[in-house]
Amino acid sequence: MLFLARETWGSRVGFVAAAIGSAVGLGNIWMFPWRAGKYGGAAFLIPYLILLFAVGVIALTVEWTLGRGTKGGPIVAFQKAGLPGGKYLGLLANITIFMIFAFYSLVLGWILRYFIASLTGELLRINPGAFFDGLAFSKEAMIWQFVVIMLTVAIVALGVQKGIEKANKIMMPALFVLLIILAIRSVTLPNSYEGLKFYLLPDISKALNAETWMIALSQMFFSLSVLGNTMVVYGSYLKENDDIPLSAIATAFGDTAVAVTAGFLIFPAVFAFGLEPGAGPGLVFVTLPMVFQKMSGGAFFGFLFFLLLLFAGLSSTVSMLEVYVDSAITNLKMERKKAAILLGLLTFAIGAPAALSPYYFEKVLINISTIYVGPIGALIAALALIKFGVERAYEEIKKGALIEMPSLWKPWIKYVYPIVIVVIYISQFVLGG
């Protein structure tokens, strides 16, 4: 089987920006504060940060090492690693990210509509609950979903360096700046102290709760986008002298910095206006618009917030589409622009029914891709790296590394990491986090 020469990242900074962009998404700014609010604020933050460096960094090194070592996305990587049925297991990983993009594009379409509302001043006049109910599952939502998919197609069609890398070099710094501006505004609101207290002073009994640790582990794992697909593809674009361990630390830190700073934006604002910190899915679309309506300068800060969400969401959808565009280029010998357009349209065809059906949106697209199949992709990638050879993988990860990865990495990825994935998978059904 012939494999085409692969594109590469233009710089280490560009790769890290793209990797952070893939990891950073609505889960950082929406789900992280939601789960932190539900599980005790600081009590959730402590286990999250501990697990980030004990497990999260390792997860990134596993998928990047596999991608660079095999020079391919999931289908090629799993085959070259010698995993039985590797071609079909790689196809499963592609289908998973395809389904995720299909529902994620709808949610990002909602955000695009809110961004337009904030731009025109409409956001300050609406009833947030009624506005979201009228938008969420409608023909209008389908239109915004299509716009989001086409924006993603336009970036991916330009290629790795001119499209993905360049877009993330702009969006990621802008995202951090916007987030810091909003967080500063939030902590200076009257009565914001209670929110800071909730977020920074832990309830030790909650911090020691096993369920809190499991939910933190699950949140960290999926926030980093380690599902055996996107990060394998991004790893395959690495040069031999690119530093995988240092890039993994930088990516984990950058992704977590966004999530943690989002907490400084959301909790002080929510507490300042006497709202519920564990508001769940309605936090972004109902609760925060109420905050913007009440705060001084709400129109401007609402505009910044939804622009921030757009950047976060687009950086993720770009990485999602790239997974199966890369497969089409490698396995079907398709031209990049043609693959991006055709697969973007196919994504819309699969995702559009979700704009009209809450059942299809949640029970079919979300549950199958993120609960039943997603963690399996991560486990397959871990097993593929073991099949690739732990010693061989260790030599691969040392290439270009400024600081040599401790030899403990070998037993950790061979025994501990796969068990962690299985535990996460089982805990989702037990805890329903």
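Accessible areas here come from the Shrake-Rupley method with a 1.4 Å probe. With that noted, I looked up the surface of this predicted model: the protein exposes about 16200 Å², and carbon and sulfur atoms supply 71% of it.

Overall build next. I find 19 helices and 0 strands. The C-alpha trace spans about 60 × 50 × 40 Å along its principal axes. For 433 residues a compact globule would have a radius of gyration near 22 Å, and the protein's 21 Å agrees with that. Buried residues make up 60% of the chain's 433. Of the contacts with a separation of 6 or more, 84% are between residues 24 or more positions apart.

Then charges. I noted 30 positive and 22 negative ones, with mean positions 5 Å apart. My search of the whole structure gave 9 salt bridges.

I checked Arg68 with Glu396: their side chains meet in a salt bridge at 2.8 Å, N to O. The pair joins helix α3 (residues 42-70) to helix α18 (residues 390-398), 328 residues apart. Buried or exposed, I wondered about Arg68? Arg68 counts as buried because its relative accessibility is 1%, under the 20% cut-off. Glu396 is buried too, at 6%.

Lys71 and Glu240 also form a salt bridge, 3.4 Å from N to O. Both sit in loops, 169 residues apart. Lys71 is partly exposed at 29%, and Glu240 likewise at 38%.

Back in helix α18, Lys398 and Glu395 are 3 residues apart, so about one helical turn separates them. Their closest N and O atoms are 3.2 Å apart in a salt bridge.

Last entry: I traced a salt-bridge network linking Arg68, Lys71, Glu240, Glu396 and Lys399.

Conventions. Residues are numbered from 1 along each chain as its sequence is written. This is a predicted model: local features need pLDDT of at least 70, side-chain atom pairs count only at pLDDT 80 or more; totals for chains, interfaces and linings use all residues. Side-chain values use heavy atoms; hydrogens and water are left out. Helices (H or I, at least four residues) and strands (E, at least two) are DSSP runs, numbered from the N terminus. The radius of gyration is taken over C-alpha atoms; the globule rule is 2.2 Å times the number of residues to the power 0.38. Buried means under 20% relative accessible area, exposed over 50%, partly exposed in between (1.4 Å probe, protein chains only). Contact means heavy atoms within 4.5 Å. Lys and Arg count as positive and Asp and Glu as negative; His and the chain ends are not counted. The place of a charge is taken as NZ of Lys, CZ of Arg, CG of Asp or CD of Glu. A salt bridge is a side-chain nitrogen of Lys or Arg within 4 Å of a carboxyl oxygen of Asp or Glu.
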